[in-house]
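Hi there,

Here is the structure I promised to pass along.

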Amino acid sequence: MHYLITGHTGFKGSWLALWLNSLGHVVSGISLDPITNSLFDRANISECLQNDFRIDIRNSDEVKTAVLQINPDVVFHLAAQPLVRESYVDPRYTFETNVMGTLSLLEAVSSAKSVKAHVVATTDKVYRNINQVAGYVESDPLGGHDPYSSSKAMADLLTQSWISSFPGTPTTIVRAGNVIGGGDVSKDRLMPDLISAYLNQEVPTLRYPNSVRPWQHVLDCLNGYLMISESLMSGKEHAMMNIGPDEESFVTVAKVAELVASQLSVDSNWNLSESSEPHEAGLLSLDSSLAKTALGWHDKLKFTDAVTWTTDWFKKVEQNESSRDITIQQIEKFINL
Ligand SMILES: NC(=O)c1ccc[n+]([C@@H]2O[C@H](COP(=O)([O-])OP(=O)(O)OC[C@H]3O[C@@H](n4cnc5c(N)ncnc54)[C@H](O)[C@@H]3O)[C@@H](O)[C@H]2O)c1
């Protein structure tokens with residue numbers, strides 16, 4: 001099978017490319033260049049790709065030409081500007097990439113007759129956040145306070161419209177929560193910030209220590225994406241699906257900091273940010289009952305395991321083990337769970 005991943009130079013895309021490659025599939029990618037110190041570069045992922053296109057997904061003509069050349073069986077559309085704080089800095093780029101970039105993919109995939117499954121990643125942040133304790137279900141209304149959430153809600157609605165207006169390619173929108181795992185070096189994300197600070201004997205600064213997030217290991221999220229693609233290829237239809245962890249993984253930012261510090265054997269100190277911070281959602285939880293019943297998916301790694309696998313990954317890299325070997329070992333261990 002030939003898999004196309006947009007966003008293959010990013011955090012999730014790198015894990016997914018290595019996973020698919022280790023299963024013997026052909027993998028191609030469309031993305032921008034990787035960021036400094038990325039997992040993509042450290043694990044030398046370009047070496048396992050059939051095509052490694054560096055194309056801005058806002059350029060619909062280039063995207064279409066590349067997709068037709070790749071002729072993939074399955075497409076995972078992950079490319080996005082995925083950072084909430086960055087979306088306040090550059091809202092135009094965020095909306096253009098996340099909305100019009102998604103349109104580029106939908107158009108290109110529709111014209112590539114080879115595609116048997118298209119999985120479009122949005123996020124848990126697409127739901128109109130009313131700080132409810134119960135998890136959001138797929139039929140809940142969409143919203144989005146900040147530009148990132150709003151742009152993803154727009155991409156979600158766009159894809160819903162595409163599925164009903166231009167049926168042909170089996171397509172599912174996937175809404176997942178905060179993922180963690182080795183190799184994420186994105187700025188302003190909690191886990192990379194915590195690990196970098198604690199490993200450098202610094203005290204991290206937390207913006208919203210009491211915010212609750214559904215923490216999920218990247219492999220559980222990607223396992224959901226893969227199971228959805230298999231289900232689409234077997235002829236099942238799912239317009240949209242939540243992939244989030246169980247309730248015990250809905251944990252405050254402060255609790256995550258405490259656990260990371262204890263696993264890295266340092267004091268769990270942190271400072272509260274004193275600068276005025278842009279709005280971020282307070283409580284976010286997902287109800288993933290549909291994925292459980294329709295796919296038999298469930299998260300294999302509970303909260304503590306997810307954090308342990310993440311800190312282990314970074315500790316091993318600190319001890320000069322190969323990023324690629326550690327990533328593949330964790331993929332194999334996960335498959336055998
Ligand atoms: N990481 C999370 O916690 C999380 C949670 C929910 C949803 N998501 C979604 O999952 C997807 C992947 O997230 P990630 O954490 O791997 O992000 P990431 O920032 O690590 O990777 C983003 C990828 O998108 C590519 N990209 C960005 N702008 C582009 C453009 N204009 N043209 C072409 N490529 C472009 C980058 O080159 C990179 O490969 C995103 O759609 C994101 O919104 C992530």
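**What I found**

The protein chain folds into 12 helices and 13 strands (DSSP runs numbered from the N terminus: H or I of at least four residues for helices, E of at least two for strands). Its radius of gyration is 19 Å, close to the 20 Å from the globule rule for 337 residues, so the chain is as compact as a globular protein of that length (the radius is taken over C-alpha atoms, and the rule is 2.2 Å times the number of residues to the power 0.38). Buried residues make up 55% of the 337 (buried means under 20% relative accessible area, with a 1.4 Å probe and protein chains only).

This is a predicted model: local features need pLDDT of at least 70, side-chain atom pairs count only at pLDDT 80 or more, and totals for chains, interfaces and linings use all residues. Residues are numbered from 1 along each chain as its sequence is written, and side-chain values use heavy atoms, with hydrogens and water left out.

Now to the ligand. Around it sit 27 residues, of which Thr9, Phe11, Ile57, Tyr148 and Lys152 come nearest (near means a heavy atom within 4 Å). By class, this shell has 13 nonpolar, 10 polar and 4 charged residues. Oxygen atoms of the ligand lie 3.0 Å from a backbone N or O atom of Gly10, 2.9 Å from a polar backbone atom of Lys12 and 3.1 Å from a backbone N or O atom of Leu32. Taken alone, the ligand exposes 840 Å², and the protein buries 92% of that (Shrake-Rupley method, 1.4 Å probe). Helix 1 (11-22), helix 5 (91-111) and helix 6 (147-165) each give two or more residues to the shell.

Best wishes

Note on methods
Polar contact = N/O pair within 3.5 Å; in protein donor to acceptor, adjacent residues only side chain to side chain. Nonpolar A, V, L, I, M, F, W, Y, C, P; charged D, E, K, R; others polar. Buried < 20%, exposed > 50% of the residue type's maximum accessible area, 1.4 Å probe, protein only.
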